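Biologist: Please put the model on screen. I have some questions about its fold.

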Amino acid sequence: SLNGILDQMMAENTNKILVAVDGSESSNNALKQSFKLVQGGNQLIVLSVSPFYQTDHILTDVNNINDMLRAQTEHILSEAKDIAAECGVSINTRLEEGAIYQSIIEVADKENCKMIVMGRLGMTRIEKALLGDETDKVIGHYNGITLVIPKNTSLGFDSILIATDGSKYSDNALD
């Protein structure tokens, strides 16, 4: 159960939970739901990643796209701080630049987090094929617990359904 996982985290003195946010409705809901995990001294690290692009400025009218992306990411973290303050929850925020899923996993590992909490955008198959799905990449590559909270859902653990298909990813979820 989730309470057992949280108790184990406290016993191992690994009481950090990483919440990855991107400013979407889904990630803001995941942030709010993660506040329910703050018990017994658990710390929430709220991370937003600014993708870093190397562009040939001759081909674009945007002189500094990375500055624009960083400013947007700073705004996302500012909104997360406001949401936390409204709910009376203390959070630590981090901004990273780079590949999104890799940065999320690197920060979780560096901070010794036992859990990553993320929202789910619910992209169409075409959007996933063209853009990729950062949540899926984190699930597939992170060795810890990844908790995905879709928009308009509430965190509750009366029962947990784990879907398996025999792949190494579903085996990881089952563990």
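Predicted model: local features only at pLDDT ≥ 70, side-chain atom pairs only at ≥ 80, totals over all residues.

Modeller: Residues are numbered from 1 along each chain as its sequence is written, and side-chain values use heavy atoms, with hydrogens and water left out.

Biologist: Which strands stand at the edges of the sheet?

Modeller: Helices (H or I, at least four residues) and strands (E, at least two) are DSSP runs, numbered from the N terminus. Strands pair if DSSP finds at least two bridges between them. The open sheet has 5 strands, paired parallel, in the order E3-E2-E1-E4-E5. Two strands have a single partner each, so one side of each lacks a neighbour in the sheet: E3 and E5 (145–150).

Biologist: Which residue is the bridge partner of Ala-20 in E2?

Modeller: E1 and E2 run parallel, joined by 5 bridges. In E2, Ala-20 is partnered by Leu-47.

Biologist: What angle does the direction of H4 make with that of E2?

Modeller: Axes are lines fitted to C-alpha atoms, for helices over the stretch in contact; angles run from 0 to 180 degrees between N-to-C directions. H4 packs on the sheet and touches E1, E2, E3 and E4. With E2, the direction of H4 makes about 150°.

Biologist: Which residues does Arg-70 contact, leaving aside neighbours within four places in sequence?

Modeller: Arg-70 lies in helix H3 (residues 65–86). Contact means heavy atoms within 4.5 Å. On that basis, the partners of Arg-70 are Ser-50, Leu-95 and Glu-97.
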